[in-house]
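Here is a friendly walk through one model, from its sheet to its cores and aromatic rings. Have a look at the sequence and structure first.

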Amino acid sequence: MSKSMSLIKNLLIMLLISVVTLKVVDIGFGLFLSNQVQNASLTKGTDRSIVLREINPNQSASIRPNNNYMKDVENLEQRNYEINIDENGFIDNGNPKVLDPEIKVLFLGGSTTETLFVPEKNRFPSVIERNLRSELTKTVNVFNGGVSGNHSMHSVFVLLAKGIPLKPNFAVLMHNINDFALLSKTETYWDAPKSRSLVVNNIDGNFTTIEDSSRNIFFNFVKTAKDSLAPNLYTYLRPRLFADIQFHRDEFEGFTKNFDDLNLQLIEEQFRSSITSFVRLSRAWNIEPILMTQGNRIDPSLEYFQKWYLRYQRGEMSPKEFSDLYKRNNEILREIALQENVDLIDLDLLIPKSNEFLYDTIHLNEAGSILMADIVSNRLLELIQN
């Protein structure tokens with residue numbers, strides 16, 4: 001063996017011995033001083049995150065209600081609906097944007113605010129934006145921050161994370177059904193399916209994915225390949241080849257409670273606290289909050305509701321119990337509006353419980369969206385002018 005090779009070998013041996021010795025000394029030192037020294041290298045804030053439930057920014061899509069969805073709706077046109085998402089994750093209204101507007105209105109809520117199955121320019125935030133611009137001498141922008149499945153605690157996070165920096169004049173919150181859906185099963189916002197969790201592990205933080213880690217690995221691989229290789233072909237073929245197939249199981253599987261076992265007082269307290277948090281957070285940042293109930297056909301005397309209930313509910317409560325709990329949440333919204341001196345737009349009373357305006361129990365069709373826009377526009381005009 002040459003002298004140079006021997007020297008390298010000896011250096012490597014010395015390096016290895018030094019590393020092992022240092023590690024042994026460190027372990028021994030830690031054991032000796034375990035009662036006197038705190039670990040100074042704790043990992044912080046890398047494994048879990050609060051969920052910002054939003055539609056990812058800067059994307060466009062054309063969605064179409066599939067045949068299975070159409071079986072249970074009335075007065076909804078089965079067509080392609082265009083959706084464009086802006087750089088902040090809000091649904092674009094299809095109207096020209098105004099730079100530095102004098103009036104900004106932010107709408108937050110779930111799918112009833114999203115109104116995806118309404119043409120872009122007839123979604124109520126878009127109509128409201130045009131209405132305000134035509135009636136006011138001030139410049140106006142309206143933002144649609146609705147996301148399907150969001151409950152009021154999600155909207156509090158959206159307001160905190162990306163609503164406040166907009167410095168809106170008004171933040172308008174429309175919730176109930178998604179809060180009701182979760183609280184009637186778990187009695188708390190902090191016990192939820194992964195798709196609706198407030199906190200997730202970063203490794204699987206996609207809120208649209210139902211819990212099934214083995215499926216997720218395969219699904220994510222296929223989705224990435226599809227998005228990279230043939231996104232346009234997939235967009236064209238999917239509604240034609242798989243229109244009647246349900247790809248996702250019930251996200252609330254395993255989260256059930258019988259009505260007799262529910263702590264109704266706790267459910268009310270959770271909902272009341274969440275809505276009150278939104279109100280007070282808004283005002284702490286000089287934003288005027290507005291609360292809205294939802295237009296709905298949740299009424300056990302309605303034939304459509306009875307049929308919908310039989311298809312979609314699993315029997316933990318009767319149709320009347322379901323309806324009464326939903327109505328109680330609306331009463332809580334009204335009570336908070338009085339207690340906090342907040343403006344309330346009571347769409348539960350103002351939108352007729354008819355398929356002329358609602359294509360299912362809770363979602364607006366095009367006519368309903370336009371009607372709602374007129375109602376809300378008139379109230380906003382009063383508030384702005386006064």
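A residue is called buried under 20% relative accessible area, exposed over 50% and partly exposed in between, with a 1.4 Å probe and protein chains only. By that rule Met-153, at 10% relative accessibility, counts as buried. This is a predicted model, in which local features need pLDDT of at least 70, side-chain atom pairs count only at pLDDT 80 or more, and totals for chains, interfaces and linings use all residues. Residues are numbered from 1 along each chain as its sequence is written, and side-chain values use heavy atoms, with hydrogens and water left out.

**Around Met-153**

Met-153 is found in helix 5; helices (H or I, at least four residues) and strands (E, at least two) are DSSP runs, numbered from the N terminus. Contact means heavy atoms within 4.5 Å. Leaving aside neighbours within four places in sequence, Met-153 is in contact with Tyr-189, Trp-190, Leu-198 and Ser-274. Its C-alpha atom is separated by 10.0 Å from that of Gly-109, 44 residues apart along the chain.

Five strands make an open sheet in the order 5-4-6-8-9, with parallel pairing. Two strands pair if DSSP finds at least two bridges between them. Strand 5 and strand 9 stand at the edges with a single partner strand each, so one side of each has no neighbour in the sheet. From one strand to the next, the twist averages 20°.

Going through the pairings, strand 4 and strand 6 run parallel and are joined by five bridges; here Phe-107 has Val-172 of strand 6 as its bridge partner. Strand 6 in turn pairs with strand 8 in the parallel sense over five bridges, and Ala-171 has Pro-289 of strand 8 as its bridge partner. Four bridges then join strand 8 to strand 9 (residues 343–346), again parallel, with Met-292 partnered by Ile-345 in strand 9.

Why is strand 8 largely enclosed by the rest of the structure? Five of the six residues of strand 8 (residues 288–293) are buried, so the strand is largely enclosed.

Helices lie across these strands too. Angles run from 0 to 180 degrees between N-to-C directions, and axes are lines fitted to C-alpha atoms, for helices over the stretch in contact. Helix 4 lies across strand 4, strand 5 and strand 6, at about 165° to strand 5. Helix 9 lies across strand 4, strand 6 and strand 8, at about 155° to strand 8.

**Two nonpolar cores**

A nonpolar core is a set of buried Ala, Val, Leu, Ile, Met, Phe, Trp, Tyr and Cys residues joined through side-chain atoms within 4.5 Å. The largest one has 47 residues, and those with the most contacts inside it are Leu-159, Phe-278, Leu-291, Met-317 and Phe-322. Elements that each supply at least two residues of this core include strand 4 (103–109), helix 5 (152–163), helix 9 (264–284) and helix 11 (319–339). A second, separate core of 28 residues includes Val-105, Phe-107, Phe-124 and Val-376.

Which residues does Met-317 touch, leaving aside its neighbours within four places in sequence? Met-317 is in contact with Phe-180, Ser-184, Phe-259, Leu-262, Tyr-309, Phe-322 and Leu-325.

**Aromatic rings**

Rings of Phe, Tyr and Trp (its six-membered ring) pair if their centres lie within 6.5 Å; planes under 30 degrees apart count as stacked, over 60 as edge-to-face and the rest as tilted. A search of the whole structure finds 13 aromatic pairs. Two of them are listed here.

| Pair | Type | Centre to centre | Between planes |
|---|---|---|---|
| Phe-90 and Phe-143 | tilted | 5.8 Å | 55° |
| Phe-107 and Phe-124 | edge-to-face | 5.4 Å | 85° |

Phe-90, in the loop between strand 3 (81–85) and strand 4, and Phe-143, in strand 5 (residues 140–146), are 53 residues apart, and both are buried. Phe-107 lies in strand 4 and Phe-124 in helix 4 (residues 124–135), so their pair ties together parts 17 residues apart in sequence. Phe-107 is buried, with a relative accessible area of 1%, and Phe-124 is buried at 0%.

An aromatic cluster is formed by Phe-180, Phe-305, Trp-308, Tyr-309, Phe-322 and Tyr-326.
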